[in-house]
Amino acid sequence: MEINSSIGCSVTECQYHAGEKQYCTLDKIMVGKSESYTSKVEGTDCESFKVNENKTY
Ligand code: SF4
């Protein structure tokens with residue numbers, strides 16, 4: 001998978017994560033809010049996330 005060096009990401013559970021390197025492999029992602037209003041970083045989400053079901057923990 002080719003990394004997108006413009007999108008850093010540490011969510012290794014995602015199927016689009018680059019693995020060893022802390023990057024996303026998508027060309028573009030969508031970032032949204034988990035609530036209608038947020039004033040905290042915790043209220044933001046990557047809406048392009050898709051769980052990697054092949055990965056075991
Ligand atoms: S889709 Fe979102 S959560 Fe998944 S690797 Fe890319 S930036 Fe991270």
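Select the ligand and the residues around it: C9, V11, C14, Y16, H17, C24, L26, I29, C46, S48 and F49. The shell divides into 9 nonpolar residues, 2 polar and no charged. In that count, Ala, Val, Leu, Ile, Met, Phe, Trp, Tyr, Cys and Pro are nonpolar, Asp, Glu, Lys and Arg are charged, and the others, Gly among them, are polar.

This is a predicted model, in which local features need pLDDT of at least 70 and side-chain atom pairs count only at pLDDT 80 or more, while totals for chains, interfaces and linings use all residues. Residues are numbered from 1 along each chain as its sequence is written, and side-chain values use heavy atoms, with hydrogens and water left out.

Next, select H17, one of the shell residues. H17 sits in the loop between strand 1 (4–8) and strand 2 (23–24); strands are DSSP runs of E, at least two residues, numbered from the N terminus. H17 has a relative accessible area of 5% and is therefore buried (under 20% relative accessible area; exposed is over 50%, partly exposed in between, with a 1.4 Å probe and protein chains only). Show the side chain of H17: one of its polar atoms lies 2.9 Å from the backbone oxygen of C9. Leaving aside residues up to four places away in sequence, H17 touches M1, C9, S10, V11, T12, Q22, Y23 and T25, where contact means heavy atoms within 4.5 Å.

From H17, move to its contact T25. T25 is in the loop between strand 2 and strand 3 (31–33). T25 counts as buried because its relative accessibility is 16%. Which backbone oxygen does the side chain of T25 reach? That of Y16, at 2.7 Å. Beyond residues up to four places away in sequence, T25 touches M1, E2, I3, N4, Y16, H17 and A18. Take N4 from that list: T25 and N4 are 21 residues apart in sequence, and their C-alpha atoms are 5.2 Å apart in space.

Finally, show the whole chain. The chain has 0 helices and 4 strands. Its C-alpha atoms fill a box of roughly 35 × 25 × 15 Å along the principal axes. Of its 57 residues, 16% count as buried. Among contacts with a separation of 6 or more, 22% come from residues 24 or more positions apart.

Technical notes:
A polar contact is a pair of N or O atoms within 3.5 Å; within protein, one must be able to donate a hydrogen and the other to accept it, and residues adjacent in sequence count only if both atoms are side-chain atoms. A residue is near a molecule or strand if one of its heavy atoms lies within 4 Å of it.
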